[in-house]
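This report is written for a reader who meets the structure for the first time. Please keep the sequence and the model in view while reading, and look up each residue as it comes up.

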Amino acid sequence: MTDPTDVLHGTLNLLILQTLRQGRMHGWGISERIQAVSQNTLKVNQGSLYPALHRMEQSGLLNSSWGRSDNGRRAKFYELTELGRDHLAVERTTWRRFQGAVELVLANG
Amino acid sequence: MRRWLTRCRTLIQRSRHREDLDNEIRFHLEMETEKLIRTGVDVAEAKRRARLVFGGVDRFKEEVREVDGISRVEALVTDVRYALRRLVGQPFHTALLIGALGATVGSSIGIGLATLPIVSLDLPFHDPAGLVALRQRTPDGRYLPVSLPDLHVWGESDPGLAGVAGYDPALVSVRDDSGTRFRVGGAEVTANLFDVLGVSPLLGRAFTPEDDIPGAIAQAVVSNRFWVERLGADASRLGQDIEIGGEPHAVIGVMKPGFNFPSGADIWVSAGRLESYQDPLNFDLIGVARYAPQSSFEAIVAAAPAIGERLRTAYPGRDPGLSPAPTPFVQLVLPPATATVSWLLVGGVVILLLIGLSTCLHLAVLRHRARSYELATRLRLGATPDRVLRQLVTEGTVTAALALTIMFPIAWALYVPLLELARSEMPELTHAAPGIGMYVIMLPLSYALLLATLTTPTVMWWMGASGRRAVGTARGDGPTRSLFVGSQVAVAVALLSTALGATSIFLRLTATDPGFRNEGVVTALLSFPSDVFSERDARRAVVSSVLERIQALPNVEYAAVTLRTPVSGARIEYAVAGESQLDVSAPIVAVFNAASSDLYKALGIPLLAGRTFNGADDGSGEPVAIVSQRLADELWGSDPIGRTLRLGNDRNSVEPGAPDHRVVGVVGDITHEGYLGRPTPAVWVPYAQFPAYYATVVLRSASADVPGVIQALPDALRGASPEIVVDRVTPLTALLRDSVARPRLLARIMGTLAFTALLMTLMGTYAVLAWWVSRRQREVGIRRALGSTAGRTVAWVLGSVARPALLGGAFGAAVGWGAQRWLAGTITGAGVDPVWPVVALLLVLCGTGAAALGPALRLIREPIRRALGAG
């Protein structure tokens, strides 16, 4: 297995939004989930995660609340807002277009 | 919105936010540590690796706090606390700075706000600059009104005019509910006047085109003042009749408060319904028109000759020498001196503001220089220029806010009384009221001004420290201080000299002998309505009865009637020719008046030769006249008694068939415009031989009880006939005072400006020197320890300002002299006195010396040991 790669610049918001689509999650859980789902390919720079979460909360894409984690510890949970869901749809479309364009370049360039 | 609410909540609960963030990161690190422990790593190593994987915890916390807007607020709070600590820690310097800032900028703003209504030509109608006055000019350059048919031709012929209206100002007699007739200012106007001026009634309606048709029902629009004071603001009076000029008029509308155009008008009636206005040669209306959007004043002027041609074709009886003459309407309705006064005020206020700001700027520079060591140390210890700039700007912001608390009461204390003064002296400003709105608008503006001034040296330093711009090495305080003192003294001397000159001109004007005595004289205007006094004999009889009744009043020494008093502001001028001068092409022009016999005694005008009028000079007697010395000299040179003269119907010529008037007396010369006028040739005929529909009663009181006479006079006059309209019962002294209202206003405002400038200069000099001296305590301590005497120390401080003060003062005196000459020529035509620039120079130099003495004495009172310890 190769070492996980840092999340591509500009895609962290998309990954967070997509991850939170499953339900509310704390910061460490989001980080772990991205790494697991990407089969250990993507690694979220943990220090960048929290500024991104707070920025998205300030923008109204996420809500936060304090709760108990699985091991009974007090943790801050984030969840998608309606605006966040709409934003995710837009981000996904943009990403797919970008991805298709890169594929085209790789195939024909 | 939600985002802002979240941010605000975060800001308010900053400590909780910090705690939450700590907990959130701690949870993350604990989870990561546990994960590593589960893979067999020992606890200490797991903790170390977890922190390593996370990265710089504090940096990311700071980043999150930046995202949430916490860092900036906390930095601001810290900076504000630091600024307050510094300001409180240096109470003397803080008081000096805040006092100087608040007082100087506050006085400029207060005076500036008060002058706004004067300089902004605040006329009570919409867009005055878009209006043009339509009159006609005679070949000798005089302006005449136009006729109603003239205005119709203008309106039909010139596409550049969007609306053409006219008005004829007049005093009208009105009968109140008690049956008493009184006179008010009014105007006969075309129905569209209000539309053209862009004003509308508060209640009811304005005139409609149907009201302008000859024979239409008599209707009137009244002013708000009339509505409140005379009709009791009673809504039921709308639509009811009031008697105006002997004819009932239905009140159809009430104008908004402040609209009293033309000057002082309270009643407007339709001109078009009157037959007299249909005559194309009846030149009684002043035309006023509004430009069409695509037109301009120049286009209206260019079209005028063609209009003249059309008028001559349409009305062949017209004098061919008359030509249409459009002028800017603002020039017509505002007195010519207003523009001069405006410029003086604007200049004065700008100068005041510059003085204030230069004081503030200088203090800011001194303060910044005093901190140069501290700033350099902070930069060496690792602070960024941006961080230091933010802190210093915060300090400036706090200082400016504190200065505002002083500035606004000072500004208000000057603004309200000055505006009141301007309103009392200028009738055009009666509707101007202290505007709290304008005052509030000034808040951010003045704050920005203060802040910009205070932070300019800091920003200059920052630009140098950040390498954005090369800033020269710090120079000593000397050149800046000299420039500051010199320029402030120059401005103060110039303003004070101008103000002293203006005051002296005013005082000389009021000391001028107008040729008559005004103490104890009371005047009253009388009108004899034509519906009752149409016969000349009726007017003679009522005037005779009036004089008898006044003479019977206690304490009345002399009583007389005349057409107009010498200070009425209006005069009739006729061409006059002696019996041998009928062929003179340029006849002498004299002020014409009518008088009863005791007028000269009542006014104290000396009888130089012959006699005054007597009972024989009645309607059936030989036409006689009394002339002034100047007219006698110009007509005959000597022996005027018994000579005859003829009067023209206007200023231009005397018709050969005019009746002869035998000169029976010669009296002293008098002025006819109060204090402002020059003695002019004058001729009087007996009132009995010229019984007009109006007269002015002039009586001299034998005692000091002028108010008692004023109170008794109206009843005595109406006792002669209840139909007489009595108006403006006033002491002559008050009328004379009014005749110099404008020079007086100018002198007062200039005086206020100059006095404030002087105070600001003294305060600025004191503040700058006090600051400078306080930074030199150690140097002076060394000098004194080495044997320098107290006297030499004081001389050293005074010497530091003497040279720039002298140079600046001399320059200011020269400017003040020029300004005084210009002022005298523009406002009054009076001469100037060279003593005032010298007096102003001495006053300002003495004041500056005294202001510098304070810090100097403070310096030598300081014990040497303490001074040596000062930094």
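Asp211(B) is buried, because its relative accessible area is 7% and buried means under 20%, exposed over 50% and partly exposed in between, with a 1.4 Å probe and protein chains only. Asp211(B) forms a salt bridge with Arg205(B), and their closest N and O atoms are 3.0 Å apart; a salt bridge is a side-chain nitrogen of Lys or Arg within 4 Å of a carboxyl oxygen of Asp or Glu. Arg205(B), for its part, is partly exposed at a relative accessible area of 32%. This is a predicted model, in which local features need pLDDT of at least 70 and side-chain atom pairs count only at pLDDT 80 or more, while totals for chains, interfaces and linings use all residues. Residues are numbered from 1 along each chain as its sequence is written, chains are lettered from A and ligands numbered from 1 in the order in which they are written, and side-chain values use heavy atoms, with hydrogens and water left out.

Asp617(B) and Arg611(B) also meet through their side chains in a salt bridge, at 2.9 Å from N to O. Asp617(B) counts as buried with 5% relative accessibility, whereas Arg611(B) is partly exposed with a relative accessible area of 30%. Over all chains, a search of the whole structure finds 19 salt bridges.

## The two chains

Chain A has four helices and five strands, where helices (H or I, at least four residues) and strands (E, at least two) are DSSP runs numbered from the N terminus. Along the sequence these elements follow the pattern β-α-β-α-β-α-β-β-α, and of the 109 residues of chain A, 39% count as buried. Among contacts in chain A between residues at least 6 apart in sequence, 53% join residues at least 24 apart, contact meaning heavy atoms within 4.5 Å.

Chain B comes to 26 helices and 22 strands, and buried residues make up 50% of its 871 residues. Of the contacts in chain B with a separation of 6 or more, 80% are between residues 24 or more positions apart.

## Where the chains meet

How many residues of chain B are in contact with chain A? There are 23 of them, and they touch 26 residues of chain A. Between them the two chains bury about 2,400 Å², 54% of it on carbon and sulfur atoms; buried area is the accessible area (1.4 Å probe) that two parts lose on being put together, summed over both. Glu24(B), Phe27(B) and His28(B) supply 27% of the area that chain B buries against chain A, more than any other three residues.

Three salt bridges are counted between chain B and chain A. In one salt bridge, the side chains of Arg73(A) and Glu30(B) meet at 3.0 Å, N to O, and Arg73(A), Glu30(B) and Glu34(B) are linked in a network of salt bridges.

## The largest cavity

A search of the whole structure finds seven cavities of 30 Å³ or more. On a 1 Å grid over the protein atoms alone, a cavity is a set of points where a 1.4 Å probe fits but cannot get out, and lining residues have an atom within 4 Å of a point. The largest cavity holds about 100 Å³ of space, and its lining includes His368(B), Glu395(B) and Thr458(B). Helices α12 (337-370), α14 (385-425) and α15 (436-465) of chain B each supply at least two residues of that lining.

Glu395(B), one of the lining residues, counts as buried at 3% relative accessibility. The side chains of Glu395(B) and Arg86(B) meet in a salt bridge of 3.7 Å, N to O. This pair links distant parts of the chain, with Glu395(B) in helix α14 and Arg86(B) in helix α5 (residues 70-89) of chain B, 309 residues apart.

## Backbone details

Phe261(B) and Pro262(B) are joined by a cis peptide bond with an omega of about -5 degrees, and Pro262(B) lies in the loop between β8 (247-255) and β9 (267-270) of chain B. Asn40(A) is not a glycine, yet has a positive phi of about 65 degrees; Asn40(A) is in the loop between α2 (27-37) and β3 (42-43) of chain A.

Technical notes: On a 1 Å grid over the protein atoms alone, a cavity is a set of points where a 1.4 Å probe fits but cannot get out, and a pocket is an open set with protein on both sides within 12 Å along at least five of seven lines; lining residues have an atom within 4 Å of a point. Grid points are joined across faces, edges and corners, and a volume is the space filled by probe spheres set on the points.
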